[in-house]
Amino acid sequence: MTSDLSIKETRPVTDPARRKRTDQIADEIKKTIINDNLVPGDRLPQEKDLTTRFAAGKGTVREALKSLEVQGLIRTRTGPGGGAFIESMSETRAMSLLSNYLFTRQLSISDIYSLRKALEPVVAVSAIENMDEAGFDQLQQLISVYDRDPANDQERWDQLMAELDFHGVVASYSDNVLLAFICHFLQRLLKDLAVCKKIYKRQEPIERSEGIALQTRLIDAMRRRDAQQVMREHMHHAEKTMVALRATLDTAFL
């Protein structure tokens, strides 16, 4: 009889640290960008210089560059004066890439608001010192888009988007780039999430008076340098409204 202790595992052991050579080179190119203080518009070293620096074949270097281009970090041009150039990734592109991670995952309105309730009050406080009259005017103009009943389906949609854009403006004045990006991303999810689109397309009138009152209070609170509590109240109200609208959507399908 053979003891279990004498049986050796024969399956191959994969080293989690092993990575494709192209991925390693892509990371090294990123380090080159940082170490050489390259900025958007600057050109990377020529392909032949990269093959020498990384002791890699031309095809491997090209694949690494293609990976960086797909990520939106560089762009390549052919012909005279061509090469690989540092690209400034737009917020929209970054959000599109991040959205791909969530594409096949179940995401609920409550998931989004659990973060919004935590982060939107913080981003409002961080925006206070930078908010100017142009910003306050923009917030008032957005409220004027949805302070009346919509005349048609298009205006209804535009009003709903403007309500989210209100918070986008607040976040854009934050001095915390990461916090602003996350808040903008959550706002975009509320625009793009399939269940939200279904809610927005329903014909039932939406009661906005309380939400508008809270946003008006928020503007006044930001002027007084005290916005956290009002934004917290507003986020709880917004979640309650969306969950209630989601419930009417479920009822419609019963």
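Mentor: A contact here means heavy atoms within 4.5 Å. In this predicted model, local features need pLDDT of at least 70, side-chain atom pairs count only at pLDDT 80 or more, and totals for chains, interfaces and linings use all residues. Residues are numbered from 1 along each chain as its sequence is written, and side-chain values use heavy atoms, with hydrogens and water left out.

Trainee: Among contacts between residues at least 6 apart in sequence, what share joins residues at least 24 apart?

Mentor: That share is 69% in this chain.

Trainee: How many helices and strands are there in the chain?

Mentor: Helices (H or I, at least four residues) and strands (E, at least two) are DSSP runs, numbered from the N terminus. The chain has 11 helices and 2 strands. Their order along the sequence is α-α-α-β-β-α-α-α-α-α-α-α-α.

Trainee: In which sense do strand β1 and strand β2 pair?

Mentor: Two strands pair if DSSP finds at least two bridges between them. Here β1 (residues 74-77) and β2 (residues 83-86) are antiparallel, over 4 bridges. R77 stands opposite G83 in β2. The two strands form a hairpin with 5 residues between them, and G79 in the turn has a positive phi of about 85°.

Trainee: Which residue other than glycine has a positive phi near 55°?

Mentor: That is N37, located in the loop between α1 (21-35) and α2 (47-53). A second case is R225, which is not a glycine and has a positive phi of about 65°. R225 sits in the loop between α10 (209-223) and α11 (228-252).

Trainee: Is N37 buried or exposed?

Mentor: Buried means under 20% relative accessible area, exposed over 50%, and partly exposed in between (1.4 Å probe, protein chains only). N37 has a relative accessible area of 62%, so N37 is exposed. R225, at 46%, is partly exposed. I199 in helix α9 (residues 194-201) has 3% and is therefore buried. The C-alpha atoms of I199 and R246 are separated by 6.5 Å, although the two residues are 47 apart along the chain. Over the whole chain, buried residues make up 36% of the 254 residues.

Trainee: What radius of gyration does the chain have, against that of a compact globule of 254 residues?

Mentor: The radius of gyration is taken over C-alpha atoms, and the globule rule is 2.2 Å times the number of residues to the power 0.38. The rule gives a value near 18 Å, but the chain has 25 Å. Along the principal axes, the C-alpha atoms fill a box of roughly 70 × 65 × 35 Å.
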